[in-house]
Amino acid sequence: MTYVVQSGDSLWSIANRYGISVDALKNANNLTSNVLSVGQVLVIPTDEEVIVPPDTSTTYTVVRGDSLWSIAKQFGITVDELKRVNGLTSNTLSIGQVLVIPNVTSETPSSPIIYTVQAGDSLWSIASRYGTTVDILKSLNNLSNNLLQIGQQLLIPA
């Protein structure tokens, strides 16, 4: 499977969209840096076990008059979450920019979600994203402190 890089894409947002790690994406494409070019064709590895189904996020193309606040409000997420998921460091958007919109619902509400910790995550940000509490996450995952490691897998209540 291949993917064509769009404006606003990052390795993290593409990897997250397909439920793979950034390292797996970089390895499959022999990338030595995190720099992407619009139009670049990336191979999406399919031999890695998919933890997050591809439909856990969607994309949104920025149109005239959009702001991070209006887009976040439209999809029921925070501006900080929208910026984090898309690797944005400023509030500036460009018309035609493609943003990843995380979906905080699960198709199987009775089953816990398995979430892989990414750079910048905290128990608070994960709990906020999934509508739960830090205490519930700690209890469900038998955590005695708030420390997380990139790549760590957490159970999230559905």
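**Questions about a predicted fold**

Me: What does the secondary structure of the protein chain come to, and what counts as a helix or a strand here?
Reply: Six helices and six strands. Both are DSSP runs numbered from the N terminus, with at least four residues of H or I for a helix and at least two of E for a strand. Along the sequence they follow the pattern β-α-α-β-β-α-α-β-β-α-α-β. Bear in mind that this is a predicted model, where local features need pLDDT of at least 70 and side-chain atom pairs count only at pLDDT 80 or more, while totals for chains, interfaces and linings use all residues. Residues are numbered from 1 along each chain as its sequence is written, and side-chain values use heavy atoms, with hydrogens and water left out.

Me: Why is serine 10 called buried?
Reply: Its relative accessibility is 17%. Buried means under 20% relative accessible area, exposed means over 50%, and partly exposed is what lies in between (1.4 Å probe, protein chains only). So serine 10, at 17%, counts as buried. Serine 10 is found in the loop between β1 (2-4) and α1, where it touches Leu36 and Asn86, leaving aside residues up to four places away in sequence. Contact here means heavy atoms within 4.5 Å.

Me: And why does leucine 140 count as partly exposed?
Reply: Leucine 140 has 35% relative accessibility, so it falls in the partly exposed class. It lies in helix α6 (residues 134-140).

Me: How do you know that α1 is mostly covered?
Reply: Eight of its eight residues are buried: Leu11, Trp12, Ser13, Ile14, Ala15, Asn16, Arg17 and Tyr18.

Me: What makes the largest nonpolar core a core, and which residues are in it?
Reply: A nonpolar core is a set of buried Ala, Val, Leu, Ile, Met, Phe, Trp, Tyr and Cys residues joined through side-chain atoms within 4.5 Å. The largest one has twelve residues: Tyr3, Val5, Leu11, Ile14, Ala15, Tyr18, Ile20, Leu25, Leu31, Leu36, Leu42 and Ile44. α1 gives the largest share of this core, four residues. As for leucine 25, its contacts beyond four places in sequence include Leu11, Ile14, Ala15 and Ile44.

Me: Why is the pair of arginine 84 and aspartate 121 called a salt bridge, and what does it tie together?
Reply: The rule asks for a side-chain nitrogen of Lys or Arg within 4 Å of a carboxyl oxygen of Asp or Glu. Arginine 84 and aspartate 121 meet at 3.0 Å, N to O. Arginine 84 lies in helix α4 and aspartate 121 in the loop between β5 and α5, so the pair ties together parts that are 37 residues apart in sequence. With 12% relative accessibility, aspartate 121 counts as buried, while arginine 84, at 21%, is partly exposed.

Me: Which residues are linked in a network of salt bridges?
Reply: Glu81, Arg84, Asp121 and Arg129. The structure holds three salt bridges. Arginine 84 also meets glutamate 81, at 3.2 Å, N to O; those two sit three residues apart in helix α4, about one turn. Arginine 129 and glutamate 81 have their closest N and O atoms 3.3 Å apart, which links helix α5 to helix α4 across 48 residues. Glutamate 81 is buried at 9% relative accessibility, and so is arginine 129 at 8%.

Me: What makes tyrosine 115 and tyrosine 130 an aromatic pair, and of what kind?
Reply: Rings of Phe, Tyr and Trp (its six-membered ring) pair if their centres lie within 6.5 Å; planes under 30 degrees apart are stacked, over 60 edge-to-face, and the rest tilted. For tyrosine 115 and tyrosine 130 the values are 5.8 Å centre to centre and 65° between the planes, which puts the pair in the edge-to-face class. Tyrosine 115 is in strand β5 (residues 113-116) and tyrosine 130 in the loop between α5 and α6, 15 residues apart. Both are buried.

Me: What stands out about the phi of asparagine 30 and of asparagine 142?
Reply: Most residues other than glycine have a negative phi. Asparagine 30 has a positive one, near 50°, and asparagine 142 has a positive phi of about 50° too. Asparagine 30 counts as exposed because its relative accessible area is 68%; asparagine 142 is exposed at 71%.
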